[in-house]
Amino acid sequence: MQSLQQQIKVYEEEIQAFQPQNAQELEAYRIKFLGTKGIVKQILGEMKNVPGDQKKEAGQLLNAFKQLAEEKWESNKHLQEGSNKKESNIDLSLPGSQVQMGTRHPLRMVENKMVGIFEKLGFSVASGPEIEDDWHNFGSMNLPEHHPARDMQDTFYVSQNPDWLLRTHSSSIQARVMENEQPPIRVVCPGRVYRNETISARAHCFFHQMEGLYIDKNVSFADLKQTLYYFVTEMFGANTKVRFRPSYFPFTEPSAEMDISCTVCGGDGCSLCKHTGWVEILGCGMVHPNVLRNFNIDPEVYTGFAFGMGVERITQLKYQVNDLRLYSQNDIRFLRQFESI
Ligand code: PHE
């Protein structure tokens, strides 16, 4: 009896001093004292050795001990996982964990910059659907059925009769603008376009264009040149030179392609400009009278210019990205390089 009393006293002290910090410590305690092979059970088992006249006293002692052991567990139950914590043991002095910030896609950043330059000149922004009908993508743009120039742009057809297709150029957006607005019209139309091309470093089945359209009385080729020259100097710097080469587009007459002095070598010749000193950046021209007529705009009263350029191309020239596939591979190492531009 004496030794039992002493034993209980030692355990009581241990229980009183015990301050569990987490679920594991609490569980270890429960197993040690309250488990099926725990100390409480073990001491209860020793009752049989207590002489009969002391049994009553020993019973009270044991009950009190059992109660103490259980109360300790009860009062710390909130530490158990999944229980509703009354008190939290969050360490408020710990440094916070870093949140990874997302960034804009490089093409979107460049597109925003391109749009911003034209907005300064008074252009507004228009958009249109990526799935188009034949009329808005081809017919109204002076490309009637069987026109050979349709082969210039390998088209993805969604359905035939009626013809639904993935727009092959952002000119379809200017068609929608002319349909809904009367001159003066001054818009830029950025958007994703699709062409059925084998994917490689230099070609992709989808890419991004930005089209510009300006229609008013007395708009001339000189206005076109000055507008594009302003764009180039804003985008690539004041020392950039431009040149225009005659070209052909069904929706413009006359048509031209514009080159700028190479953004890598400045005109001395390098692999980017194939040692010519010049790189092509866009197509442009005066809106064809047939296109104006298609939208009930009188070509005797109004003239206009249009231009179209690839956002990937501008990004390549500005940041020397040499593989078109990088833009859509979602490689974070590539994308992160544009964080600060
Ligand atoms: N739509 C032409 C293309 O995708 C570009 C262009 C637009 C050319 C406007 C002239 C005028 O190739």
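These legends describe views of one predicted model.

Numbering starts at 1 along each chain as its sequence is written. In this predicted model, local features need pLDDT of at least 70, side-chain atom pairs count only at pLDDT 80 or more, and totals for chains, interfaces and linings use all residues, while side-chain values use heavy atoms, without hydrogens and water.

**View 1. Two domains of the chain.** Domain 1 covers 2-87 and domain 2 covers 106-338; such bounds come from an automatic or database domain assignment. Their C-alpha centres are 81 Å apart. The C-alpha trace spans about 125 × 50 × 35 Å along its principal axes. The radius of gyration of the chain is 39 Å, whereas a compact globule of 341 residues would have one near 20 Å (taken over C-alpha atoms; globule rule 2.2 Å times the number of residues to the power 0.38).

**View 2. Secondary structure and burial.** The chain has eleven helices and ten strands (DSSP runs numbered from the N terminus: helices H or I, at least four residues; strands E, at least two). Of the 341 residues, 43% are buried (under 20% relative accessible area; exposed is over 50%, partly exposed in between; 1.4 Å probe, protein chains only).

**View 3. Surroundings of alanine 23.** Helix α2 (residues 23-34) includes alanine 23. Alanine 23 counts as buried because its relative accessibility is 17%. Not counting residues up to four places away in sequence, alanine 23 touches Leu79, Gln80 and Glu81 (contact: heavy atoms within 4.5 Å).
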